[in-house]
Amino acid sequence: MLVRRDIKPGFRLVFWREVGWLRRRPFLLGLTTIVPLVLMALLSAVFSAGLATRLPIGVLDLDSSDLSRTIIRTVDATPDTAVAVRVGDLAEGRSLILSGKIHGLLMLPLNLQRDVFSGRRPEVVFFYNTQTLTTGNLTVRGVNAAVPAVAAGIRLSLRTARGEPIEAAQSDILPIPVQTHPLFNPTLNYIYFLLTALIPSILQVVIVTASSYSVGLDVETRHRLRILRRLGGGLWPAVAGKTLPYTIIFLLVLGLSDSLLFAVLGLPLHGHYWLLAIAGLLFILSCQLLGTLLALVLKPLASAVSIATLLTAPAFGFMGIGFPRLGMSAFALGYGALLPGTWYLTARIDQTVRGTPIDLSWRPILILTAFVIGLAGLCAWRLESRKRFAQDGDAAAASQPLAGATS
Amino acid sequence: MSGLFDVFRSEFGRIFTVRPAFGVMVIGAAFYALLYPQPYLNEALRNVPIAVVDGDGTQASRDFARRVDATSDVAVTMVLPDLASAEREVQARKVSGILVIPQYFERELLHGRSSPVALYADASYFLIYQRVAGAVAAVARTVGAEIETARLIAIGVDPAIAVAAPDPMPLTAQPLFNPEGGYATYVLPAAFVLLLQQMLLMGVALLATMAGIDFVAIGGNVARPGPLTVIAGKLLAYLALEALILPVYLLVLPYLYGLPRLGGVIPILTFAVPFVLAVAGLGMVVAGIFRQPLRVQLILAAAGLPLFMSAGFSWPSEAIPPLIRWVSYLVPSTSAISGFVKLSQLGAPLSAVKPEFITLWCLALAYNSIAVLLVAANTRPAAAVPVQPSHAV
């Protein structure tokens, strides 16, 4: 390999060589930019509604009275549920639930009105599908708001009819009202809860796998590692120059998708943007270093990419968004704690919706810093031991053919 | 016909001998079966910690807090003097909710007036919010009904009527299919389908990108099989593999993890046939687009999560924009998750999943036709194409 005399080996040489690689390898550039952006755009589109409203339910009205019609109107009027069909019997309702056309069935029994007003406490039953947990819970929330509201109206009218003043009657029927305030996400919007967490999870998979791939290309054989070291004028500047172009790309990707979240989808930023930015940088660095470490430890390259995929693809469940870490077993807690994404999401939720005060914000950021230092140390240890190994076997390496040279 | 059997035997052998394919299709299957369910195995949150700010400090307020603590959903772990200090504990993630019982709570109740309490619940995690809000609302309802009954008896109403009066029309919300609302029962049956798709998709695509080896394996003396035979033989091999793995994922694992299953075995396995064929066909098409094993792996690695979320399972399909919904039908998992969940978890008959079943057959037919065309296009100039190095990009 001829090096032109005016080019000095060093960090800048490796950096620009990597940039040149990216320009000549549309796949690698696409993998680190277009793929995460397209996947993030897809998820944003899926959750763009933010709230799931007017979910279809069925009604089996065996009473056909004024009261049953009032109940149906009230249920239809809640934001959560919409009465999509009237069914003739339970079997029809069941088959509609099985086919997925409705998510629940409200059954109003025969003689409902007569029995209510004669104090026989007839039962109104709502069957709902909890196999799809989100949808099931939303429909039951709608029905749970509507039916007791109708019942409260009846109780109120019974009391006022007996001459009780309306204020007294109101306090009688609800002795302990609960004023519930959802902290941090007052409208229970899924964009601020789920979408904002899904996007870094995708980025985690992409960064770890792409880093193990791009680093693996240069360290797979001793020979190539030697070339990289010569170009960089030492291992450290070489690895830094190799890594930095991707750090910049991933920061841009994260910045672009986050500005979309903040500007278009209205994600709040109640905390400190600079803490969020620091956490983002540390998250990207630790994912890159994790990928680098896998490429240094595992050979061939295909195995490193496979293991990177195996470790990160199922990681979302461990990061405790859908099912919180509070309820996990010790093993799942430990595995989750070893993922950079877990701590980045903690910091992210702190700084976006929660607006955590600074003195309580440091823990996830310090853990991410520890990740970066620890992983960098492990990578250094691997590189040093391979350097010694490479120097010992220089003669052997020199005779190795340029097999599978990169195009 | 012997050509078909040769292709089948060669491809089935390659699943176990080509290392990356074996890693994804067999080792990966074993690894995910153990790892993936771990976060969800406790099924539900119990004893979510909350703080109580008791501004009243009376018998009634302490009694109310004690009854909230007694539920299995929440646990009162802190009693704090004011809302500000409690909010700080929420920010520090020590507690997930604050129950504020205001001053004169007891006095208002004794005077027969309405005596509200306030609940601040952490909604940055929805499952936590649901638990806390549900538990406190239920306790307030029960205690409220007792108070109302007591008041009515005090003014001389017959006790039997007084008990009925607070709730003239009780609402029973009857959960179906997942009666405990367990998280593992909810997410695992669907996630297993997605895992099956991702592993098969990646394995098939890896094998297809490493073509060139298979004809060597068949042996030079046999006439090269036609494109239709090649695809049919490969599909048979994937069906044979999935005949082992799919029942493990959809029948054995749910049993081992204690998930309820209402559906019969026969409908599930019948439905699995077009699913496997569609995923395998898509795998060969993906291989035709990206052509190199590492590219295939890298592209498919991050796709799982978005595909799961757009399948209309964890987020209702009614809330997904129609365009995305239509495009998502091109991926087998969308129909397969819906179909398998209905068959196994809801105990639906095959007739209830007819749309999904037909969609999967259409996808299988379409993708495998493209695969046949790809093979046909590739076999003619194949002799001139050298075996490519695995990672040149």
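Me: How do Arg141(A) and Asp80(A) meet?
Reply: Side chains of opposite charge can pair when their charged atoms come close. Here the side chains of Arg141(A) and Asp80(A) form a salt bridge, at 2.8 Å from N to O. The term has a cut-off: a side-chain nitrogen of Lys or Arg within 4 Å of a carboxyl oxygen of Asp or Glu. This bridge links distant parts of the chain, 61 residues apart. Arg141(A) sits in helix 7 (residues 133-161) of chain A, and Asp80(A) in the loop between helix 4 (66-77) and strand 2 (81-86).

Me: What kind of model is this, and how are residues numbered?
Reply: The model is predicted: local features need pLDDT of at least 70, side-chain atom pairs count only at pLDDT 80 or more, and totals for chains, interfaces and linings use all residues. Residues are numbered from 1 along each chain as its sequence is written, chains are lettered from A and ligands numbered from 1 in the order in which they are written, and side-chain values use heavy atoms, with hydrogens and water left out.

Me: Is Asp80(A) buried or exposed?
Reply: Start with the scale. Buried means under 20% relative accessible area, exposed means over 50%, and partly exposed lies in between (1.4 Å probe, protein chains only). Asp80(A) has 8%, so Asp80(A) is buried.

Me: Which residue forms a salt bridge with Lys242(A)?
Reply: Glu18(A) does, with the closest N and O atoms 2.9 Å apart. Lys242(A) lies in helix 11 (residues 235-263) and Glu18(A) in helix 1 (residues 11-24), so the pair ties together parts that are 224 residues apart in sequence. Lys242(A) is buried at 2% relative accessibility. Glu18(A) is buried too, at 0%.

Me: What about Arg114(A) and Asp115(A)?
Reply: They form a salt bridge as well; the closest N and O atoms are 3.3 Å apart. Arg114(A) is partly exposed, at 49%. Asp115(A) is buried, at 13%.

Me: Which residues do salt bridges that share partners join into one network?
Reply: Arg17(A), Glu18(A), Asp218(A) and Lys242(A). Over all chains, the structure holds 22 salt bridges.

Me: How many positive and negative side chains does chain A have?
Reply: Count Lys and Arg as positive, Asp and Glu as negative; His and the chain ends are not counted. Chain A then has 36 positive and 22 negative side chains. The centres of the two sets lie 15 Å apart. Each charge is placed at NZ of Lys, CZ of Arg, CG of Asp or CD of Glu.

Me: How many helices and strands does chain A have?
Reply: Read them as DSSP runs, numbered from the N terminus: helices are H or I, at least four residues, and strands are E, at least two. Chain A has 17 helices and 5 strands. Its radius of gyration is 30 Å, well over the 22 Å that the globule rule gives for 407 residues, so chain A is more spread out than a compact globule. The radius is taken over C-alpha atoms, and the rule is 2.2 Å times the number of residues to the power 0.38. Along the principal axes, the C-alpha trace spans about 100 × 50 × 40 Å.

Me: How much of chain A is made up of buried residues?
Reply: Of its 407 residues, 57% are buried.

Me: Which residues is Gln204(A) in contact with, leaving aside neighbours within four places in sequence?
Reply: Contact means heavy atoms within 4.5 Å. Among the partners of Gln204(A) are Phe283(A), Cys287(A), Thr312(A) and Met319(A). Gln204(A) sits in helix 9 (residues 190-219) and is buried at 1%. For chain A overall, take contacts between residues at least 6 apart in sequence: 76% join residues at least 24 apart.

Me: Where does Gly88(A) lie?
Reply: In the loop between strand 2 and helix 5 (90-99) of chain A. Gly88(A) is exposed, at 54%.

Me: What is phi of Arg93(B) near?
Reply: Near 60 degrees, a positive value in a residue other than glycine. Arg93(B) lies in the loop between helix 4 (83-91) and strand 3 (97-101) of chain B and is partly exposed, at 32%. Arg291(B) also has a positive phi, near 65 degrees. Its place is the loop between helix 11 (265-290) and helix 12 (293-301) of chain B. Arg291(B) counts as exposed, at 56%.
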